Amino acid sequence: MGSQEPHKQGGFRGFFRRLTTSQAELEATELQQDLDRHGATPIVSCGARRRFCVTGTLRTVTLRPRGGAPALEAELYDGSDVIDLIWLGRRKIAGIEPGRMVLAEGLVSVQDGRKVMFNPRYELRPAGGA
């Protein structure tokens, strides 16, 4: 019985935490825990002109022409910040869709005050970051 009480207490703590924490804060915490698991750098820590590996959830995916050529743009959120992943010359990539977990690696630059990674190497992650 004594061994169940700490579990029960943790359950109550978790219950009260969920009551007082917004869904966005819970998502951010979960995404940040996923960083260590995949050896990724928090987006907030990524600086321009260096290669980084980042992971998170795709918030938006849009087709936006750049210089007359198609470009698929996706906003990746990891709980700390966002980065735009841009694949030049692509109209669609199977699996690149809002809500999908992605691990991406590439050179980070900054355009119009936003972090950007052009033509990153990527790996689609299963839902839940497993």
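**Note on strand pairing, salt bridges and the nonpolar core**

1. Strands E4 and E5 run antiparallel and are joined by four bridges, where two strands are said to pair if DSSP finds at least two bridges between them. Helices (H or I, at least four residues) and strands (E, at least two) are DSSP runs that are numbered from the N terminus. Within this pairing, Val-110 has Lys-115 of E5 as its bridge partner. The two strands form a hairpin with two residues between them, and Asp-112 in the turn has a positive phi of about 55 degrees.

2. On the basis of the work: this is a predicted model, in which local features need pLDDT of at least 70 and side-chain atom pairs count only at pLDDT 80 or more, whereas totals for chains, interfaces and linings use all residues. Residues are numbered from 1 along each chain as its sequence is written, and side-chain values use heavy atoms, with hydrogens and water left out.

3. Strand E5 also pairs with E3, here in the parallel sense and over three bridges. In this pairing Asp-84 stands opposite Val-116 in E5. Asp-84 also belongs to a network of salt bridges that links it with Arg-59, Glu-75 and Arg-114, a salt bridge being a side-chain nitrogen of Lys or Arg within 4 Å of a carboxyl oxygen of Asp or Glu.

4. Because Glu-75 lies in strand E2 and Arg-114 in strand E5, the pair ties together parts that are 39 residues apart in sequence. The two side chains are also joined by a polar contact of 2.8 Å; such a contact is a pair of N or O atoms within 3.5 Å, of which, within protein, one must be able to donate a hydrogen and the other to accept it, and residues adjacent in sequence count only if both atoms are side-chain atoms.

5. Leaving aside neighbours within four places in sequence, Glu-75 is in contact with Thr-57, Leu-58, Arg-59, Thr-60, Val-82, Ile-83, Asp-84 and Arg-114, contact meaning heavy atoms within 4.5 Å.

6. A search of the whole structure finds eight salt bridges. One of them joins Arg-51 and Glu-105, with the closest N and O atoms 3.9 Å apart. This pair links distant parts of the chain, with Arg-51 in strand E1 and Glu-105 in strand E4, 54 residues apart; Glu-105 is partly exposed at 35% relative accessibility. In another salt bridge, the side chains of Glu-123 and Arg-125 meet at 2.4 Å, N to O. Glu-123 counts as partly exposed at 38% relative accessibility, while Arg-125, with a relative accessible area of 11%, is buried.

7. Turning to the nonpolar core: the largest one has 17 residues, of which Val-54, Leu-76, Ile-83, Leu-85 and Ile-96 touch the most other members. Strands E1 (50–63), E2, E3 (82–88) and E4 (101–111) each supply at least two residues of this core. A nonpolar core is a set of buried Ala, Val, Leu, Ile, Met, Phe, Trp, Tyr and Cys residues joined through side-chain atoms within 4.5 Å. In soluble globular proteins, nonpolar side chains tend to be buried together. Most residues other than glycine have a negative phi. Arg-49, which is not a glycine, has a positive phi of about 65 degrees; Arg-49 is found in the loop between H2 and E1 and counts as exposed at 73% relative accessibility. Asn-119 has a positive phi near 45 degrees, and lies in the loop between strand E5 (114–118) and strand E6 (121–125), where its relative accessible area of 43% makes Asn-119 partly exposed.

8. Lastly, Asp-36 is found in helix H2 (residues 23–38) and counts as exposed, at 71% relative accessibility. The C-alpha atoms of Asp-36 and Thr-55 are separated by 9.9 Å, the two residues being 19 residues apart along the chain.

How values were computed: Buried < 20%, exposed > 50% of the residue type's maximum accessible area, 1.4 Å probe, protein only.
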